[in-house]
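Have the sequence and the 3D view open while you read.

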Amino acid sequence: MATPLSDTPLSPSSPLKTVAVVGLGTMGTGIAEVLARAGREVIGIDVGEEQAARALAALEAATARAVRRGRLSEEERAGMLARVRTGTDLTAAADADLVIEVAPESYEIKQRILGELDGIVRPDTILATGTNALSVTRLASGSARPERVLGLHFFNPAPAMKLVEVVSSVLTAPQAVTAVTALAVELGKEPVAVGDRPGFVADGLLFGYLNQAAAMYEAKYASREDIDAAMRLGCGLPMGPLALLDLIGVDTARTVLEAMYAESRDRLHAPAPLLKQLSEAGLTGRKAGRGFYTYAAPGSATVVPDALTPGAGDTGAAGRTVRSVGVAGSGTMASGIAEVFAKAGYDVVLAARSEEKARAARARVGKSLARSVDKGRLTAEAAAQALERIVPAGSYDAFAEVDLAVEAVAEDLDVKRQLFAALDKVCKPGAVLATTTSSLPVVACARATSRPQDVIGMHFFNPAPAMKLVEVVRTVLTADDVHATVREVCGRIGKHAVDCGDRAGFIVNALLFPYLNNAVKMVQEHYASLDDIDAAMKLGGGYPMGPFELLDVVGLDVSLAIEKVLHREFREPGLAPAPLLEHLVAAGCLGRKTGRGFREYARR
């Protein structure tokens, strides 16, 4: 009979001095290194002597690198390695205060390990599972001491990643959570407390996004390179989703998604068929040498060209000549786009509904250029020349001779259609007409003209002078030379163009906003706090901002509008905006711009 946790209390400062790690793959070895660095006695256990030897060799190599880089002394390294011993039998864990299993993601394997440990370890020993896909409750229920079983989810690579998710089941005693949380802090990690559901917080949000990216690629909506570049450059992510799937392992992602779908029954979590095809073909990513991309060798991070790699000489149709550009609008986006073109040497007509508004927009460009000069990014002479190239105008008649007209007016289809009808009458034959819409159908703007073949989407990201990405959106009517023209122009203004079709959200918003919506649902369901979710995504996913920080910056009203567009277009129940988001918008809590959104902000 197991001893109740309350009979063997553990204080928050409990050192948990001896820790056994069961499973010495990449993750287990990384966890062992973290524990040894923090002064713990570590018992590494693996079924194979060869794997245990590899783990020790990896630790020796990692600590040697740390010495060379000045992060560890030779004396500290020797002490670290002396604290690690390995074995191939679970009985080696008999004296452990904590056992962390990081065996393969299988209920059968993990439950067998936990069951055997019941008869080996002391009654007060805590048993932790490193699963990120399986139910901790189900694993705990097979143990004779379920109150001492919890989840301890490290992120890969464990020595570098700060986040640790501490997962409680309905059976877990609070004292076990307290002890393990204290250990995580002592290891230099940032623990986040979460409940038991597949994926927990970070992977629960991350894998839905990765799955949608795989489905987008499978549908041939965009190339793998463009999907990855769009999310890196448009969202500031360290890796694109398809490259990340290759790093994680396509088979691992499929396992996590299947577990998520089994619980949520949300079709957005149902693994994309391509993940199954790649897994069953053995194309599981970097570890196999091939997944979405092809690598120099199994385990290599070096991508090598394959049959799907775009050819360097694929120029396609010849573009039209562009010397002058018209920018329609007077807001932040319009002035930013005007600045980008002017700095690249184009003559720019900046037109608005009145000359006063156009002059104010040009003045905003002047202030932005001055800031660049102050920061040493631009010479005063270059800034003056760029501003000189921008001519303000109070009428779109000034676009009569421009080669490219870019609209950046309100995100309202009626407003945009009226503007395109006006541009159709004003602009010369052969001029390219571009919309910067982020969510509306480009073809609807094209149909407002008599020359739909000349209309294309150029979705810049805010702030336009800083953000490198432009989504180039072709409609079914866009001419090849118009597409070639815009691609060429993007190169000249220093932007990275990615191609996508004319459907809601294009690449970035179609992948970003469902992720943000799912984060809101987590809070709405009281699964985790705003702070813990933001911390989980920044520390565990490498995101520059947490989802709630980003929502408040974007504006909750803007976010809600985009999510409604996505829901209408794709008809997926899982894309329906979270009621909490709708309630906040109805209450006027729109984010930083109103001083309150998911958080409160000081009024300026």
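The dialogue below goes through some features of this predicted model.

Q: How do I read a pocket, and what volume does the second largest pocket have?
A: The general idea is friendly enough: rolling a probe the size of a water molecule over the atoms shows where empty space is left. In this model, the second largest pocket has a volume of about 1500 Å³.

Q: Which residues lie nearest the centre of that second largest pocket?
A: Look for Met333, Ser438, His459, Asn462 and Val558, which lie nearest the centre, out of 50 lining residues. By type, the lining divides into 31 nonpolar, 14 polar and five charged residues.

Q: Which elements each supply at least two residues of the lining of the second largest pocket?
A: Among them are helix 8 (224-235), helix 12 (332-343) and helix 15 (413-426). Strand 16 (455-460) also supplies at least two, and so does helix 18 (508-524). Helix 20 (547-554) and helix 21 (556-570) belong on the list too.

Q: Now a single residue. Is Leu516 buried or exposed?
A: To decide, we use relative accessible area, and under 20% means buried. Leu516 has 0%, so Leu516 is buried. You will find Leu516 in helix 18, where Leu516 touches Pro547, Leu550, Leu551 and Glu563, leaving aside residues up to four places away in sequence. For a sense of scale, Leu516 and Arg592 are 76 residues apart in sequence and 17 Å apart in space, C-alpha to C-alpha.

Q: What about a whole helix? Why is helix 9 described as largely enclosed by the rest of the structure?
A: Helix 9 (residues 241-248) is largely enclosed because six of its eight residues are buried. The buried ones are Pro241, Leu242, Ala243, Leu244, Leu245 and Asp246. Their cover includes helix 7 (202-218), helix 8, helix 10 (250-264), helix 11 (273-280) and strand 9 (294-295). After helix 9 comes Gly249, with a positive phi near 110 degrees.

Q: Which residues other than glycine have a positive phi?
A: One of them is Arg265, with a phi of about 55 degrees. Arg265 is in the loop between helix 10 and helix 11, and its relative accessibility of 56% counts as exposed. Arg571 is another case, with phi near 60 degrees. Arg571 is in the loop between helix 21 and helix 22 (579-586), and its 65% relative accessibility also counts as exposed.

Q: Where is a cis peptide bond found?
A: Check omega, the angle of the peptide bond. A cis peptide bond joins Asn156 and Pro157, with omega about 0 degrees. Pro157 lies in the loop between strand 6 (149-154) and strand 7 (163-168). Another cis bond joins Asn462 and Pro463, with omega again about 0 degrees. Pro463 is in the loop between strand 16 and strand 17 (469-474).

Q: One last feature. How many disulfides are there?
A: The test is whether two cysteine sulfur atoms lie within 2.5 Å. By this rule the count is zero. Take Cys235: the closest cysteine sulfur, in Cys500, is 13 Å away, so this is too far for a bond. Cys500 is in no disulfide either, as the nearest cysteine sulfur to it, that of Cys490, is 11 Å away. Cys235 is buried at 19% relative accessible area, and Cys500 counts as buried at 5%.

Note on methods. Residues are numbered from 1 along each chain as its sequence is written. This is a predicted model: local features need pLDDT of at least 70, side-chain atom pairs count only at pLDDT 80 or more; totals for chains, interfaces and linings use all residues. Side-chain values use heavy atoms; hydrogens and water are left out. On a 1 Å grid over the protein atoms alone, a cavity is a set of points where a 1.4 Å probe fits but cannot get out, and a pocket is an open set with protein on both sides within 12 Å along at least five of seven lines; lining residues have an atom within 4 Å of a point. Grid points are joined across faces, edges and corners, and a volume is the space filled by probe spheres set on the points. Helices (H or I, at least four residues) and strands (E, at least two) are DSSP runs, numbered from the N terminus. Ala, Val, Leu, Ile, Met, Phe, Trp, Tyr, Cys and Pro count as nonpolar, Asp, Glu, Lys and Arg as charged, and the others, Gly among them, as polar. Buried means under 20% relative accessible area, exposed over 50%, partly exposed in between (1.4 Å probe, protein chains only). Contact means heavy atoms within 4.5 Å.
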